Amino acid sequence: VQDSEKLALASNLEMEIEINRLPRLSQYTKYITIDELINSGEELELLFISKEKIESMKNCQITCIGKTKKIYKKSKVVFNLGEKVYKPKSKGFLHFK
């Protein structure tokens with residue numbers, strides 16, 4: 001959650017992340033909650049944005065998990081779970097304040 005908010009702010013974008021598109025979601029949610037999943041930092045996944053759709057990279061699986069749009073007021077991140085907006089209960093561990 002924290003990193004997506006930082007990326008949105010730095011890019012002056014609104015991000016919409018589809019939780020159901022996260023790789024291996026069903027494997028993880030057998031053991032941890034959605035909040036723990038999107039707030040951990042232990043998954044070693046890379047979150048990035050691109051102006052163009054990237055289908056694949058050499059030796060690297062790429063999964064589109066959402067979309068962005070330019071904003072003019074305030075950057076934000078919206079998490080969707082199915083047809084509903086999902087509000088994370090926390091933003092994870094804050095390393096620096």
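**Group meeting: loops, patches and contacts in a predicted chain**

Let me start with N12, which sits in the loop between helix 1 (2–11) and strand 1 (13–18). Before more on that residue, some ground rules. This is a predicted model, so local features need pLDDT of at least 70 and side-chain atom pairs count only at pLDDT 80 or more, while totals for chains, interfaces and linings use all residues. Residues are numbered from 1 along each chain as its sequence is written, and side-chain values use heavy atoms, with hydrogens and water left out.

Now the overall layout. The protein chain has three helices and four strands. Helices are DSSP runs of H or I with at least four residues, strands are runs of E with at least two, and numbering goes from the N terminus. Read in that direction, the order is α-β-α-α-β-β-β. The chain has 97 residues, and 27% of them are buried. Buried means under 20% relative accessible area, exposed means over 50%, and partly exposed is in between, with a 1.4 Å probe and protein chains only.

Back to the backbone. Which phi does N12 have? It is positive, about 55°, although N12 is not a glycine. N12 counts as partly exposed because its relative accessible area is 35%. R24 also deserves a look. Its phi is near 60°, a positive value in a residue other than glycine. R24 lies in the loop between strand 1 and helix 2 (25–28). At 38% relative accessible area, R24 is partly exposed.

Next, the surface. Patches are made of residues with over 30% relative accessible area and no salt bridge; like charges are joined within 9 Å, and nonpolar side chains (Val, Leu, Ile, Met, Phe, Trp, Tyr) within 5 Å. A salt bridge is a side-chain nitrogen of Lys or Arg within 4 Å of a carboxyl oxygen of Asp or Glu. Areas come from Shrake-Rupley with a 1.4 Å probe, and for residues only the protein chains shown count as cover.

Which residues form the positive patch? R21, K67, K69, K76 and K87. For charges, Lys and Arg count as positive, Asp and Glu as negative, with His and the chain ends not counted. Each charge is placed at NZ of Lys, CZ of Arg, CG of Asp or CD of Glu. Take K76 from that patch. It lies in strand 3, residues 76–81. K76 has 43% relative accessibility, so it counts as partly exposed.

There is a nonpolar surface patch as well, formed by L46, F48, I54 and M57. Together they have about 400 Å² of accessible area. Where is L46? In the loop between helix 3 (34–39) and strand 2 (66–70). Is L46 buried or exposed? Exposed, because its relative accessible area is 71%.

Last topic: pairs separated in sequence. Start with helix 1, where L7 is found. L7 and I49 are 42 residues apart in sequence, and their C-alpha atoms are 8.6 Å apart. L7 has a relative accessible area of 22%, so it is partly exposed. A8 is in helix 1 too. A8 is buried, because its relative accessible area is 0%. From A8 to K74 is 66 residues along the chain, with 9.5 Å between the C-alpha atoms.

Then strand 3, which holds L81. L81 and I17 are 64 residues apart in sequence, and 8.8 Å apart from C-alpha to C-alpha. With 30% relative accessible area, L81 is partly exposed. That's it from me.
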